[in-house]
Each structure stands twice: as structure tokens, then as C-alpha cells.
Amino acid sequence: MLQQFLDPALLASISGLDLIAKTVVNGFVAGLHRSPDFGFSQEFAEYRAYNEGDDLRHVDWNVFARTDRCYLKRYRGETNTQILVLMDTSASMSYGSHTVHKLDFSKFLASSLCYMANLQRDAAGLIIFDEDVANYIPPSTRQGQIFRLLHAIEKAEPGTRTDFAKPFIHFQNYLHRKGLVIVLSDFYADPETIVKTVEPLRFKGNEVILFHILDPQEIAPKFREPMLLVDMENPTASLEVSPEYARYEYKHKIDSHIEALSSKARSAGLDYFLMNTSRPLDEGLREYLFIRQGRM
Amino acid sequence: MGFLAPWFLGGMVAVGLPVWLHLLRKHRTTPTPFSSLMFFERREQSSIKHRRLRYLVLFALRTLLIALIALAFAQPYIQQKLLPLARSGQITVLAIDNSLSMRADGRLDQAKRMAKSVIGGLRPGERAEVLAFGSRVQVMSEITDDHSPLNGAVDAIEPSDARTSYGELVRSLRSIAQATKQPLDVHLYSDMQQSGMPANFNDLRLNAAVKLEPHAIDSKPVANFAVENVVAPRRVYDNKKTRVLATIVGTNNQKAVRRVTLMLNQREIESKNVEVPENGRATVEFLSLEAPFGANRGEVRIDSADALPNDDHFFFSVERVEPSHALFVHETGNTRGLLYFQNALQASGQAAFVIDEATVEQTANISPAKYAFVVLSDVGSLSPTFENALRSYVRNGGGLLVALGHQSVANAKVPGTDLRVEGTSYASRELERFQAAAYLDTGHPSIQQDNRWGDVKFYQAVRVEPGQARVAVRLTDGTPLLLDEQAGDGHVLVFTSTFDNVENDFPLHASFVPFVEQTARYLGRLNDSQTNVLVGSFAELRNSKEKGAAVDVLDPRGERALSLEEAARAQNIQFTMAGFYDIRRPSGRNEMVAVNTDRHESDLTPVPPETISLWQNTAQGGPAGAGGENGEAAPKPLSLWWYVMLAVLALAFAESFLGNRHLAVDKEAA
């Protein structure tokens, strides 16, 4: 039942990203409780020997009473990770064949991820880019970070064209700690170029997840009649396209593109995930949790 | 090529619909933004052109489909040349009129000669058939190519006294054409009498396979005099009161004086001269007819000396009989009913009945069986013996008239019947001064000829439960006034008021006399049989009781009209000759039936040539024989409707197939 709250079309009717993020994450978490394989939050993780400077509040006094040794009780939720969400706001992200545009979907996903990271007490940050960096909020666990992040996500507007090379050079400058880098984009570029641009992040010990956000009409276009298409990132370029071409040749090309990007990303140690904007958001959250768990 | 309904071609404007759908609407392509064109290439233009071409094929199919539908509704046709060879296998039909009028001036012989000449001209293998027709059609020969039986059949045709009926001939020709499924070439030999044409010209419509070739025997109007009608009593009770009225008619004649003779049993009774005006009628009245007792053969004849002598005499049958006795029963002292009833019967001019009166007390020793009918006029209780005798009398075919008044109300039932008496209806009690007759069944024999009962005032009537009886008259309050109940073979008429001018004023009205006369004739069974009929009429020979008993019929020549087997079994006989038929029934009663020819035959005026031409045209829709005979090709419209509709069907299939393929792409896109 709660899965219905993850439907992008339903979320689009909710105003306010904080509420959307809360709805998504709470719904998702409530859904997870049914599964024994997943779990997070304040679950017991391990005992660690007390070191100087550790907070005495976390000492397990029961163990101390039995063994005369100080041990700290650690929980999963307390394993801090730095998360940086890179959100593409190029013009092509404003495309949508139904109620939720790719940018909307991207916003829902980014805000949900940030919200979940906040719950985990992870330090979450955000970079909004198109052909340049439009906004940057450094990762932090400070009070009010989540609101800064959500405000920045909400303010994001479609920009110009995508250029991975330029903003990614800046990202490397911003990233000082190892962490989790999540890239939300439609990746309208050569897969080789994309992977080569993103790859250095991986070299620095970051876990990189590529969320390839595409509209269903981009994955399998269905036109009733010949259409005159205008490129959203280059309005001067237009082309008349027949339904047959879109149905067969274009489909073949976009499939090849997705396949190439997926294989190259995986071979470079990057996690790749294709997100269809008509599908529920939990697939993205699930992917995040897999990676998050792996880091603990 | 032409069109039977060219205004449907206006439907061609609907072609504009596919033009708009495919050509005009298509040009309005709006640019659609798409995220990236990096996976689209320029070369898909050829694909679009190919697709447009397919759409053009669909467009052409749709345009053609609509145009053909409009064309189909316009019903195109072409003139097809039909060669006369199409009439191969035709049958020559020789139809010879043998009606009464063909007796004039040897017309029938002339027709026979002409028919024989046609038979002589038949090619070997060409088949023919001979018909004789008057009011009915007789097939004189079978269809054959042998000339001998055909000539024999023509010779066998005898003149008849029947009237001409071209409608009957056409009906027979239609059925022959349908049965043989061959074209008929009909040669009609007739004097083409105008009076033989049916009232409705549509009855003359011929099949397309029938070609009519009329051969008029005598196309000139011929003057003719005839005795058109004779009015004479069927039964004579008193010779002094007998009157015979004859009508003489002239057709195509000049004003002339004719001598009219009344004859009885071949004996001349009286002769008179009468002046017959030009194309007019004259009447002659004979005031005496000394008829001896029994059946007599009457005849009125004229000395016309014209071409058709067979209509110069008119036969009538007259029977001299003694008046029958009728019993009138009333209460002692109440003779007013008898007075009015008896006077009404005498005033009718028919002395057919003699009234014997009796009081209720006197009826004990009276047998009703010897009376033609019995009247009970407001009687109280009858002696059981007489009542039983009355019931038996009615069951055996007797007639009983019961008038109900204040004396009868005391009885629970109407005397002689099982009808229940319910009470008395007084008009004054219902706040009405009187009742009137509100409903009259004019089909009832008692009121058939005079039903003017509107002014009669009924002050009192006895209410009788009608049961199964036929209600002939009802009063304004619905009370039955005259009921007719059949009991066995006889009838009981119940008049729920009296004849004494007390409970009503009916006896003072003019309608009382015809009522009494018709009731007396009905109950006394004087209306049973007809004795003056036309040639071609039928008469019933026996009723259900007379099965198996022989009925002898002598025709006008004095010969037996029926074989022995027919005499024992035949239910009816048709009178085919003019003259007197003597019918001897098993009950011992003899009837003399006078049979006359139809006087329509006396009018020898021929049908106008234009009418004959119209008649011929009913078969072909054009002048008869146009083309055909001269070996020229006759144009005939051939409708192309079916071919166009087949093309429409094929196009509809093709359009559906192609349209479905396009629709499949659209559905996937949806």
C-alpha cells in the first residue's frame, strides 16, 4: 500500500520537497520493515574498545560490570559517511512526456536521498550543474543542513546544455573526504566521455552511483504521425521524424547508448542505474542503501 | 450510360472529407520539443516519404470508395442491345373470344378463320396453344407444334352466352407464362368490346414475356337493341295485382320504335310499341299476367332485327301459388295488435299470407305445423301442449314472431324459447318520455330494406336477456327491441314491445309496413332461392339434409345438365346458357330458374385503339413489337448497380486492411 506514495506522478501533486522527501522515505522505510535482509537506524553493530576521547555516554556499563573493561556499544546508524549529490539541470532535463519531468523526478530523488542521509546522520552535500556549477552546498551534518539542501534543490531551474568535463573538474576540488557520490543526469553525451570524466572520483576512493534518468518516451518513443522535433538544448536544431524511425532505429540507438554507458561504468567500478521517470522512486533509494550498507 | 437517380451524384461532395483528412490537415505540423536529437539522423526523410505514399494509397482508396457509393445510389445503367433471338422458344397462344357478342354477324367464324391462318403459318417446331375465353378461360388444346390438334381445337370452340372478361384472359396468360417459363406470342381474336375491359386497368398488365397482338374482328360501333331488364314478381298470388315492367335499351342506335311482347309459356300475352331514344332506354309496363298455378316461363322480347338477336329477349320465372296461412295468437279481447299487423301485411301489396287468428284458449287444438309462420302477440301463459308443439315446429324450420307486452312479463321465459324475461322497462320511470331505436342491424332481413325507425316512440319494452340471440334493434337505454334466435332449422323473432299502438306508436309509422312484410317473408321462407340469374351464376343444389339424394337439372335445351354421379353428389351448378333451368329437388319441389345473358354484352362499342396500344405496352414498356419483328436490336437498360456495389465492397476490404495497418501503429503509439 505504501508503495503508492513512491509513484512520481502522485508525488508531483505534493507541494514542498521536504514533505515529498519525508513521504518517500517514510513510505520506503515502512515498506522495508517487512524484509529481514534490510535494516539500519539504531541497530546494534559492534562493540569497540574504549579509546581516549570517546564519549562516555556510549560505554556499555553492563559489560564493564561483568568484565571490568570499557567497551563502547556502536550502532549502524552511527557510521558516518559523506554523501554528495550531483544534480544535472541542463535543458534536456526539463523534458517530460507525462506529469513528472525528468528534472522533477531528479529533484524528488535528490531530496529523498538527502533526507534519508540526514536520518542516517550522514553528511550530505549537493552540487547543481549544467555546463557549469550552478550551486554548491558542502556536505555537513550541521543542524539545518537538510533544509539548506532541500531549498537548493527546490530552487534548481533548467539551465543550458550539459558539459560534464567542466563541472567535474570543480567537483574534484570540492571533495576532500572519501564518500558516496551520486550523479543524477540524463547523460546525453558519449558514454566514453562520461565515464572518463567521472572515473577520477572513483580513483579517490569514492563510491560513485550514476542514476541515468530518462523519460519513457526517450527510452521507447511512440509517435502517431511524423513529428517535427526540436532539440531542447539547441533550439535551432530540428528534425522531422517518422513514427517508424522512432520505433525501430532510434530505439536501437538509445538501447545501445544505455548498454554502452552501463557496461563502461561498471567496468570502471561505477554503479550505474537506469531510472525511468514513470517508475517508483524506491528503486533509486534501494540502490543507495545497497551501496551504503557495503560501506559499513 | 445514364442514371436512374442522378441527384444522388450530389453525394460526390463527400469526397472532400478524405481530401481534408489526408491532404489539408496533414500540412499543419507543430514543432515538438525533444530532449536531444543526438540519436536522430537526417536520412529518415525517405521513410516519411514512403509513409506519405502509403497514406496516399489509403487516401485514393477512400476517395474512390465514397465516389463509388455516390455512383451506386445514382443507379447507373447502360443501354443494352437485345437481339430478338432472345425470344427463341416462344409459344404462340391463340386466344379466341367466344362470348355472346361474338355471335353477332358471324364474328366467331371470322375469328376462327383468322386463327387457322396463323396456325398454317407456324414454322416447323414452333409450338402453339388454343384458348377460348368469355367470362372464364378454357384451354382448348395442349401446347404442341402439330397443326391438326390446333385446328381441331379452333373448330371445337362453340359460341357461348358468357360475357367477355379480358382481365380473366390476362390472368390466365400470366399463369401460363409463369408455368412454361417461355415467352408467349399471344394472338387475340375478339370484337374488343369496351364492356369487357376490367374496372382497373392494372388488371390488364402483362408479363414481360408476353407479347400481345390483338386482331379486332369488327372495330366499328354496331347499333343494337336489347331487353335490358324485366321486373316481375317471383310468385303470383293474385293475377289481377300482377305487374311486369320491362326496360328496353339501345346502344349506338338511332331513335326507333320497337314492338315489345310479353309471353308466358310460349304464349303471347300482350304486345306494346315503345319508342327507344338514341343511345337511351325506354320502359314498358304490362299490367296483367294470367299465370296458371305452378312454375311458368315468362319472356319479354322485342323485334329488333339487329346484329345480335340473343339479347332481344329476357326470361323470367314466375310461380303462381296459393297464399300461405299464418297463425296470429292473441289474448282474448286484445285484438288491436292483430288489426295493425293484418292491415300492414295487406298494405304491402303482397297477398302471400292469409292471417288466421286464434286466442290463447283456442290454441290447445291447433297444430302450428300447417302455418307458414306463427305470431304470438302479447300472450300470457300458453298451454304446455301448444308450447311444445311450437318448439318442435321451430326446430323443424318454422318461423315464430313473439311480441311481448304487459301480459308476457308474468312469464319467466319468452314463449317458445329459452330467453329469460328480466322485467319491464318504462321510459317514464327513467325520466324519459319515450325511448327510440338507437341501434339497428341493417343486415337483418326484417329491417334490411327499410330502417327508418328514428321517429318511432317506445314507451314500454320488456327486458329480455339476449343470451346467444342476435340483437337486431336496441333502444336508447340499451334494451334489446328485436332479437333473432335460431332454434334448430327455424327462427324465433322476439319483438320486446307490442303491435297495438299502446306501448309504442310503431304501427302508425311508415316503417311498420315494410317491417311486417319483410318479417313475414323471412319467417315464411319466401327469400330462399333466386329464380332470375345471369349466365355464369351458381345455384346451390342441396343442403346438408339432402346428401346423396339425386337432383335433376334440365337445361334450356331440355337435356340433363348433370350426369348421374353429379346429380347425386354435386353441391352447385353453374348456369352456362341463357334460358330456363328446371331444377327438381328430392323434396319434390321444382324450381324454374330463368337465366339471362349479361346485358353488358349488348353494348358492342369497341375499345379505342389507344387503349389497346396502352394494353400492349404494359408488357414491354414501349410500343409492342418495336424492333423484335424486324430483326432490329431492341435497347434495354442494364443496371450497373450490382457491379458498382461489388467494387465498393472490394474497396471497403482494401481500405479496412490498409487502414488497420496504419491504425496498428497508432495504437502502439497511444
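Is Tyr522(B) buried or exposed, judged by the other C-beta atoms within 10 Å? The legends below take up this residue and then move to other parts of the model. This is a predicted model, in which local features need pLDDT of at least 70 and side-chain atom pairs count only at pLDDT 80 or more, while totals for chains, interfaces and linings use all residues. Residues are numbered from 1 along each chain as its sequence is written, and chains are lettered from A and ligands numbered from 1 in the order in which they are written.

**View 1. Tyr522(B) in helix H8 of chain B.** Tyr522(B) is buried, because 20 other C-beta atoms lie within 10 Å; a residue is called buried if 20 or more other C-beta atoms lie within 10 Å of its own, exposed if 12 or fewer, and partly exposed in between, with the C-beta atoms placed from the backbone. The helix that holds Tyr522(B), H8, covers residues 512-523 of chain B, and helices here (H or I, at least four residues) and strands (E, at least two) are DSSP runs numbered from the N terminus. His491(B) is 31 residues from Tyr522(B) along the chain, and the C-alpha atoms of the two are separated by 9.1 Å. For the chain as a whole, 36% of the 670 residues of chain B count as buried, and chain B has 11 helices and 33 strands.

**View 2. Asn617(B) in helix H10 of chain B.** Asn617(B) lies in the helix formed by residues 609-620, and this residue counts as partly exposed because it has 15 C-beta neighbours inside 10 Å. In chain B, 74% of the contacts with a separation of 6 or more are made by residues 24 or more positions apart, where two residues are in contact if their C-beta atoms, placed from the backbone, lie within 7 Å.

**View 3. Helices H3 and H4 of chain B.** The axes of H3(B) (residues 107-120) and H4(B) (residues 147-155) come within 10 Å and cross at roughly 170 degrees; axes are lines fitted to C-alpha atoms, for helices over the stretch in contact, and angles run from 0 to 180 degrees between N-to-C directions. The two helices are therefore roughly antiparallel to each other, since angles under 35 degrees count as roughly parallel, over 145 as roughly antiparallel, 65 to 115 as roughly perpendicular and the rest as oblique. On the side of H3(B) the contact is made by Lys112(B), Ala115(B), Lys116(B) and Ile119(B), and on the side of H4(B) by His147(B), Leu150(B), Asn151(B) and Val154(B). These residues divide into 4 nonpolar, 2 polar and 2 charged, where Ala, Val, Leu, Ile, Met, Phe, Trp, Tyr, Cys and Pro count as nonpolar, Asp, Glu, Lys and Arg as charged, and the others, Gly among them, as polar.

**View 4. Strand S17 of chain B and its partners S18(B) and S19(B).** Of the 7 residues of S17(B) (residues 324-330), 5 are buried, so this strand is largely enclosed by the rest of the structure. S17(B) runs parallel to S18(B) (residues 353-359), to which 7 bridges join it, and Ser324(B) has Phe353(B) as its bridge partner. S17(B) also runs parallel to S19(B) (residues 373-377), with 5 bridges, and here Phe328(B) is partnered by Val375(B). Two strands pair if DSSP finds at least two bridges between them.

**View 5. A sheet with strands from chains A and B.** The order of this open sheet of 3 strands is S9(A)-S8(A)-S2(B), and its pairing is mixed. S9(A) (238-241) and S2(B) (31-34) stand at the edges with a single partner strand each, so one side of each is left without a neighbour in the sheet. The twist averages 35 degrees from one strand to the next. S8(A) (residues 227-231) and S2(B) run parallel and are joined by 4 bridges, with Pro33(B) as the bridge partner of Val230(A).

**View 6. Confidence along chain A.** The mean pLDDT of chain A is 78, and 79% of its residues reach 70 or more; pLDDT is the predictor's confidence in each residue, from 0 to 100.
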